[in-house]
Amino acid sequence: MSKPVDPRLVLAAATVLPGTGQVLNGQPQRGPTFMFFMLLLGGFTLVTADPGVSLVGKLAGGLFVYAMAILDAYRTARLRWEIWRHDRQR
């Protein structure tokens with residue numbers, strides 16, 4: 001098993017640009033999927049939110065998916081890192 005990408009780098013990339021963490025983890029189909037649902041739910045909450053709601057409230061659906069994409073990328077990278085580290089110690 002080759003050395004996986006450092007989880008901190010994946011976390012930083014996923015935070016800066018949604019979907020890149022999944023691509024760095026070797027899951028290129030997951031990145032665009034998260035982007036699609038981020039735009040879909042962000043657009044949906046933007047259209048359906050009450051006019052008096054703040055911008056964060058209007059984009060809440062997209063921000064939620066964005067946060068889940070960051071967590072998913074880091075979790076996957078961390079699991080791969082720990083498995084690699086454990087296998088290397090044998």
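The legends below describe close-up views of a predicted model of one protein chain. Local features need pLDDT of at least 70, side-chain atom pairs count only at pLDDT 80 or more, and totals for chains, interfaces and linings use all residues. Residues are numbered from 1 along each chain as its sequence is written, and side-chain values use heavy atoms, with hydrogens and water left out.

Figure 1. Helices (H or I, at least four residues) and strands (E, at least two) are DSSP runs, numbered from the N terminus. Along the principal axes, the C-alpha atoms fill a box of roughly 60 × 20 × 15 Å.

**Figure 2. Surface, burial and charge of the protein chain.** Of the 90 residues, 30% count as buried. Buried means under 20% relative accessible area, exposed over 50%, and partly exposed in between (1.4 Å probe, protein chains only). The chain exposes about 6,000 Å². Carbon and sulfur atoms supply 69% of that area. Accessible areas come from the Shrake-Rupley method with a 1.4 Å probe; for residues, only the protein chains shown count as cover. There are 10 positive and 5 negative side chains. The centres of the two sets lie 6 Å apart. Lys and Arg count as positive, Asp and Glu as negative; His and the chain ends are not counted. Each charge is placed at NZ of Lys, CZ of Arg, CG of Asp or CD of Glu.

**Figure 3. Helix 5 spans residues 60-89.** It has 30 residues. From first C-alpha to last it reaches 43 Å, close to the 44 Å expected at 1.5 Å a residue. The expected span is 1.5 Å times one less than the number of residues. Buried residues of helix 5 include Gly61, Gly62, Val65, Ala69, Ile70, Trp81 and Trp84. Their cover includes helix 1 (7-16), helix 2 (20-24) and helix 3 (30-48). An α-helix has 3.6 residues a turn, so residues three or four places apart point the same way.

**Figure 4. Asp72 is a buried residue of helix 5.** Its relative accessibility is 15%. Leaving aside neighbours within four places in sequence, Asp72 is in contact with Gln22, Arg30 and Phe34. Contact means heavy atoms within 4.5 Å. Asp72 and Gln22 are 50 residues apart in sequence, yet 7.9 Å apart in space, C-alpha to C-alpha. Across the chain, 60% of contacts between residues at least 6 apart in sequence join residues at least 24 apart.

**Figure 5. Thr76 also lies in helix 5.** At 11% relative accessibility, Thr76 counts as buried. Beyond its neighbours within four places in sequence, Thr76 is in contact with Asn25 and Gln27.

**Figure 6. Leu17 sits in the loop between helix 1 and helix 2.** Leu17 is partly exposed, with a relative accessible area of 48%. The C-alpha atoms of Leu17 and Ile70 are separated by 9.4 Å. Along the chain, these two are 53 residues apart. Ile70 is one of the buried residues of helix 5.

**Figure 7. Gly43 and Thr48 are two residues of helix 3.** Gly43 is partly exposed at 28% relative accessibility. Its C-alpha atom is 16 Å from that of Pro18, 25 residues away along the chain. Thr48 is partly exposed at 48%. The C-alpha atoms of Thr48 and Lys58 are separated by 8.0 Å, with the two residues 10 apart along the chain.
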